[in-house]
Amino acid sequence: MAEAAAPSDERGGRDLDPRVFDSPEFQRDPFPIYKALRDHHPVYHDRFHNRWILSRYWDVDGAFQDNESFDRAMYKPDGPYKFGTNHVFGPNILEYGNSDEHRRLRNIVAGQFVGQKLNDFLPMIDQISHEVIDRFIDDGEVEIVSQFSSQVPIRVISNMLGLPREDENTFVGWYQDLIAGLGFGGEYFARGLKARNDMWDYIDPMIEERSKNPGEDLLSRICVAELNGSRMTPEEIKGFVALLLAAGGDTTDKAIANMWYHLMYTRPDQYPDVRDNPNLWENVFTEMMRYDPVVHAQFRFTTREVQIHDKVIPERAGVILYLGAGNRDERAFNDPDTFDIHREDLHMRRENRSGRYKDGKNGHLGFGIGQHFCMGYAMARQESAIACRMLAERVKNIRPKFTEHDGVTAPNIDSGGFRAPSELWLEFDR
Ligand code: HEM
């Protein structure tokens with residue numbers, strides 16, 4: 001398919017300057033660039049960063065589905081990269097590409113976050129949300145990011161793992177250092193590694209004990225989960241626990257903040273609908289995951305030459321899949337730049353790995369698709385909806401404290417960084 005002719009302009013068009021991806025402007029508002037990519041450069045060769053970029057819905061979907069050609073592997077048993085050494089989490093499933101090791105690890109743990117096993121943990125999510133809300137409910141105002149969204153998911157994970165409640169604040173501290181280590185490098189990376197090592201020393205004896213005497217907690221379940229007689233090694237368990245903090249904690253934290261941001265600032269007229277029908281929190285979650293999801297980009301390497309439209313991406317090229325751009329593609333969604341929780345052209349209920357839905361609607365791309373489809377999709381949805389519902393039920397007349405807000409932004413979105421507001425002040429009555 002030929003690319004459409006387009007006028008030059010400094011933010012896109014035919015002469016898109018790849019340095020724009022490093023600009024604060026792009027980090028704050030990437031959507032005009034996404035549109036320029038989709039319309040004029042659907043298969044963009046960014047020579048400045050030595051990578052290719054896909055941005056249309058069906059191209060991103062196609063690359064997610066095609067693991068044979070688009071691999072996520074950092075680690076291959078026969079390659080030069082040493083498993084776990086360069087990663088703040090240590091050895092973890094994210095380093096595996098299209099391999100038997102990936103399938104083995106995924107199959108051992110994926111079942112722990114869905115169905116009845118997830119349902120067992122739901123009352124605890126209620127309880128933790130209430131405890132966190134209790135701390136600020138008498139103040140008449142809350143800074144959502146520091147006081148609410150960053151507090152609930154990590155405490156839920158700590159409880160799911162069956163860590164003693166008196167150690168929860170220590171665990172939250174490790175989490176904060178690990179996340180900073182992941183995003184900022186340098187001194188932060190060193191602090192992140194220390195937090196990870198302290199956490200590993202802390203859970204080492206627990207892994208030993210729970211492997212012998214398992215309870216009902218998640219750590220026990222991971223210790224004894226078996227596939228064809230094979231369990232995870234202690235190193236793999238520790239890497240997975242570290243990964244859970246970021247993959248499961250930080251993302252859900254930011255999802256909750258984005259939901260409140262978009263309801264309070266982007267579509268305040270739709271808040272009364274949600275307040276009056278709390279089931280609609282699931283719609284808020286889904287539309288947030290389309291309109292401005294937490295994760296906007298994922299990275300892949302080509303394992304062979306791939307032709308898309310009229311361009312050929314060579315073998316062993318780095319490729320950015322801009323799922324944040326695909327989600328705003330007019331080819332997949334009507335009026336894609338409007339946030340609308342009642343949208344009829346988006347699959348609103350639970351996501352699945354295939355990305356294909358019986359209602360014939362397109363799903364959002366916010367959890368990826370296919371082989372690496374998010375393992376915590378059901379948990380993230382439930383947890384976000386429950387926490388938001390609890391807060392909405394305990395306050396009246398919740399509203400932004402300030403009329404202006406910088407919006408949802410992130411420090412390093414093109415490297416897969418997460419997007420969320422850095423601060424979000426709301427006021428309420430009781
Ligand atoms: C709103 C919250 C979340 C978002 C936006 C999110 C996003 C994503 C995305 C985009 C991927 C695909 C990565 C790829 O294709 O390379 C992914 C994978 C993953 N997610 Fe999530 N996630 C969320 C919550 C969670 C939770 C709660 C957990 C754990 C309980 C979790 C665990 C994982 C794991 C382990 C993977 C790797 C799967 C694999 O490689 O097979 N995530 N997530």
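The mean positions of the 52 positive and 70 negative charges of the protein lie 3 Å apart. Lys and Arg count as positive, Asp and Glu as negative; His and the chain ends are not counted. Each charge is placed at NZ of Lys, CZ of Arg, CG of Asp or CD of Glu.

The model is predicted: local features need pLDDT of at least 70, side-chain atom pairs count only at pLDDT 80 or more, and totals for chains, interfaces and linings use all residues. Residues are numbered from 1 along each chain as its sequence is written, and side-chain values use heavy atoms, with hydrogens and water left out.

The protein contains 15 helices and 12 strands (DSSP runs numbered from the N terminus; helices are H or I, at least four residues, and strands E, at least two). The C-alpha trace spans about 65 × 60 × 45 Å along its principal axes. Of the 430 residues, 57% are buried (under 20% relative accessible area, with exposed over 50% and partly exposed in between; 1.4 Å probe, protein chains only). Contacts are heavy atoms within 4.5 Å. Among those between residues at least 6 apart in sequence, 69% join residues at least 24 apart.

Helix α2 spans residues 31-40. It is largely enclosed by the rest of the structure, because 8 of its 10 residues are buried. Among the buried residues of α2 are Phe31, Arg38, Asp39 and His40.

The iron atom of the ligand has a single protein donor, Cys374 (SG), 2.3 Å away. Donors are N, O and S atoms within 2.8 Å of the metal (3.2 Å for Na, K and Ca); water is not among the atoms, so sites may look incomplete. Cys374 sits in the loop between α14 (323-326) and α15 (377-394).
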